[in-house]
Amino acid sequence: MLVTSADLWEVEPGEVMSWTAVPDVTAAPEPVGLSVNQRNHLAVADAGVRTVWLAACFEVDGPIDADALVAAFRSLLARHSALQCEFLSPTSAVRHDPARLAVRQQPVPEGDTTTRLRMLLDRECAPFAYPAFALAAVSRPGRSTVVCGFDHAHVDAHSIALVARDLGALYRGAELPVASSFLARVAEWSAAPAVDDPAMASWRGFLDAIDYRLPVFPLDTGLPEGEAAAQATDRRLLAGAETAAALGEAAERAGTTTYGALLSTMASALGSGALPVLVPVQTRRPEDADAVGWFTTTVPAWADPDLARTGEQLREARERAGLPLDQVLAALPRPLRAARRDVFMVSYVDYRRLPGESSAQHVSGTAPADDVQVWLSRTEEGIHVRTRFPDVAAAHRAVGRFLDSWPESIRKALRQ
């Protein structure tokens, strides 16, 4: 799956159509809980900041069969509890009965094909309305494109791969494995904090070391604190398949993973020694492998130029991830402090291990940026990196130098 951004996304021309879900206004929805990721995301939206949407984009043979696609969309909504939720405020949500959801076609903005899709998703994937997602298609005689986008509160990156698989399979009439309930997991995460859990001591030790300040990108981006700029995006192949395989072998010898090796070589490329960074960690249990929702938690870790030390740090970070973030934040002795709205984070997804078509795309919407964020993705072609940063000259220079030097840091690690 190619990970890209709306500002780099291109879709071939064709007949554009779109559909949305419509709840039954006579039915009383059921109150449900929200995870800490959802609450934080919705708080940003409630403050008037444009939030990010995520979309699955994949192709099907022939022109679009609208009836089959609508039926597949209905089944997708019935299958995943996360897609039945309406967000009322940063702290409250309700669940609609999927059996009482209608699907109707809706107008699409004017413009070229890609612009129309971007404008549609910007309009429909707004968190405080139901649905905060939309289905679209670009029909062509030989091969057509299906796009299903969601406000981030509904989904994580793993979910986008699942949506591409599920919607494609349902469109073809294929069967799917049973999906667990995201809402059931949210209820578990909201349990009373485990103050005496060893992972809690690990959290406190790390946060004490960084004075409870959330990580920021170590290079100067030229953006004053408190200001944001339009988003700029860089997408490139960081390492080809052969280099990626060699890096994985070197990581294993050092007692870590490919992700650990990438964090370590990133620290070397930045030239700042060990540095704190937030790392998303998957919290799906085996039974949740087919469930859509925002399962990912985020934990702090040290990225160290020494490969073995980064491995140790990443193992500790994964232990911290075993404690739900909701419980951690409720038990901290003092609040976290953030110098910027965005946080310096580095995500890694190995799409070779996820279901779905390899030709599908994960497309992220754009939003104002005030720090640097990095998404690493592994495919059969190698390791790709997508970087989001403020669109100002100093940030372009700093991020460009960093990304240009990262491959050499990888080659250096392979020579050791």
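**Exercise 1. A buried aspartate in a loop**

In which loop does Asp 371 lie? Work out its setting in this predicted model, then describe its surroundings.

*Solution.* 
- Step 1: Start with the secondary structure. Asp 371 is found in the loop between β14 (361-364) and β15 (373-379).
- Step 2: Check the accessibility. The relative accessible area of Asp 371 is 2%, so the residue is buried.
- Step 3: Phe 217 is 154 residues away in sequence, yet its C-alpha atom is separated from that of Asp 371 by 6.6 Å.
- Step 4: Examine the polar atoms. A polar atom of the Asp 371 side chain lies 3.3 Å from the backbone nitrogen of Phe 217.

**Exercise 2. Reading ring geometry**

How many aromatic pairs does a search of the whole structure find? Classify Tyr 130 with Phe 133, and Tyr 259 with Tyr 348.

*Solution.* 
- Step 1: Take the count. The search gives twelve aromatic pairs.
- Step 2: Recall the two quantities you need. A pair of aromatic rings is described by the distance of the centres and the angle of the planes.
- Step 3: Apply them to Tyr 130 and Phe 133. Their ring centres are 5.7 Å apart and the planes stand at 90°, so this pair is edge-to-face. Both residues, Tyr 130 and Phe 133, are buried.
- Step 4: Now take Tyr 259 and Tyr 348. With centres 5.3 Å apart and planes at 10°, the pair is stacked.
- Step 5: Tyr 259 belongs to helix α8 (residues 258-270) and Tyr 348 to strand β13 (residues 345-350), so the pair ties together parts 89 residues apart in sequence.
- Step 6: Check burial. Tyr 259 is buried at 5% relative accessibility, and Tyr 348 is buried at 18%.
- Step 7: Look for a network. Phe 73, Tyr 130, Phe 133 and Phe 150 are linked into a cluster by ring pairs.
- Step 8: Arg 386 lies over the face of Trp 375, 4.3 Å from the ring centre.

**Exercise 3. Pairing around β6**

Which strands pair with β6 in the antiparallel sense?

*Solution.* 
- Step 1: Consider β3 (residues 30-32). Three bridges join it to β6 (residues 92-95), and the two strands run antiparallel. Val 32 has Ala 93 as its bridge partner in β6.
- Step 2: Consider β5 (residues 85-89). Four bridges pair it with β6, again in the antiparallel sense. Here Ser 89 has Ser 92 as its bridge partner.
- Step 3: β5 and β6 are joined by a hairpin through two residues.

**Exercise 4. Cysteines without partners**

How many disulfides does a search of the whole structure find?

*Solution.* 
- Step 1: The search finds zero disulfides.
- Step 2: For Cys 57, the nearest cysteine sulfur is that of Cys 148, 11 Å away. Cys 57 is buried, at 5% relative accessibility.
- Step 3: For Cys 85, the closest cysteine sulfur is also in Cys 148, and the 15 Å between them is too far for a bond. Cys 85 counts as buried at 4%.

**Exercise 5. A partly exposed leucine**

Which residues does Leu 170 touch?

*Solution.* 
- Step 1: Leu 170 is in helix α4, and at 22% relative accessibility it counts as partly exposed.
- Step 2: Not counting residues up to four places away in sequence, Leu 170 touches Ala 72, Ser 75, Leu 76 and Leu 176.
- Step 3: Its C-alpha atom is separated by 9.6 Å from that of Arg 74, which is 96 residues away along the chain.

Definitions and conventions:
Residues are numbered from 1 along each chain as its sequence is written. This is a predicted model: local features need pLDDT of at least 70, side-chain atom pairs count only at pLDDT 80 or more; totals for chains, interfaces and linings use all residues. Side-chain values use heavy atoms; hydrogens and water are left out. Rings of Phe, Tyr and Trp (its six-membered ring) pair if their centres lie within 6.5 Å; planes under 30 degrees apart count as stacked, over 60 as edge-to-face and the rest as tilted. Buried means under 20% relative accessible area, exposed over 50%, partly exposed in between (1.4 Å probe, protein chains only). A charge sits over a ring if NZ of Lys or CZ of Arg is within 6 Å of the ring centre and within 35 degrees of the ring normal. Two strands pair if DSSP finds at least two bridges between them. A disulfide is a pair of cysteine sulfur atoms within 2.5 Å. Contact means heavy atoms within 4.5 Å. A polar contact is a pair of N or O atoms within 3.5 Å; within protein, one must be able to donate a hydrogen and the other to accept it, and residues adjacent in sequence count only if both atoms are side-chain atoms.
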